[in-house]
Amino acid sequence: MLNLVRLRTHAAYPSEHPLAGEGLDGADAYRRYSAESAPVLKRVGASIAWRGGFEATLIGPASESWDHIFVARYPTAHAFLEMITDPAYRAAVTHRQAAVRTSRLIRCHPAEAGDAFG
């Protein structure tokens, strides 16, 4: 799964959430999401296969930039479904929702690497 994530300037927790009004920014909330969801990711056999930092958009909307870019590898599609339905993950996703302004999640399948891209 290719993940492209743009964070909010200020975390947007629901008013009834204990962290609402704490003045957290999107990066704070996303770190909480990452810390709480990482054990679930590991439990379903998934891992972060690649992480990188955004530099510039060469082809595409100039208005799109990303705070987090990574590829998460899941052993099966079922493992992804198992993760997103796990109660611990569902609790952690509140932090993601508070943190993320916009994102893209793109499911890919592996292919052989080589000298050509076509």
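**Close-up 1. Helix 1 and helix 3 meet with axes that come within 8 Å.** In this predicted model, helix 1 spans residues 26-43 and helix 3 spans residues 87-99, and their axes cross at roughly 155 degrees. Angles over 145 degrees count as roughly antiparallel, so that is how these two helices run relative to each other. The crossing of helix 1 past helix 3 is left-handed.

**Close-up 2. Here are the residues that join helix 1 to helix 3.** From helix 1, the contact is made by G26, A29, Y30, R32, Y33, E36, S37, V40 and R43. Helix 3 answers with A88, Y89, A91, A92, V93, H95, R96, A98 and A99. Sorted by class, this contact comprises 11 nonpolar, 3 polar and 4 charged residues.

**Close-up 3. The largest nonpolar core holds 26 residues.** Look for Y13, Y30, Y74 and M83, the residues with the most contacts inside this core. At least two core residues come from each of strand 1 (2-7), helix 1, strand 3 (68-73), helix 2 (77-85) and helix 3.

**Close-up 4. Now for the surroundings of Y13, a residue of that core.** Setting aside neighbours within four places in sequence, Y13 is in contact with L19, A20, L24, A29, R32, T94, H95 and A98. Among them, A29 and R32 also take part in the contact from the helix 1 side, as do H95 and A98 from helix 3.

**Close-up 5. D86 sits in the loop between helix 2 and helix 3.** Its relative accessible area is 16%, so D86 is buried. Not counting residues up to four places away in sequence, D86 touches V40 and R43.

Methods. Residues numbered from 1 in each chain as written. Predicted model: local features only at pLDDT ≥ 70, side-chain atom pairs only at ≥ 80, totals over all residues. Heavy atoms only, no water. Axes fitted to C-alpha atoms, helices over the stretch in contact; angles between N-to-C directions. Helix = DSSP H or I, 4+ residues; strand = E, 2+ residues; numbered from the N terminus. Parallel < 35°, antiparallel > 145°, perpendicular 65-115°, else oblique. Left-handed = near helix turned anticlockwise from the far one by under 90°. Contact = heavy atoms within 4.5 Å. Nonpolar A, V, L, I, M, F, W, Y, C, P; charged D, E, K, R; others polar. Core = buried A, V, L, I, M, F, W, Y, C linked by side-chain atoms within 4.5 Å. Buried < 20%, exposed > 50% of the residue type's maximum accessible area, 1.4 Å probe, protein only.
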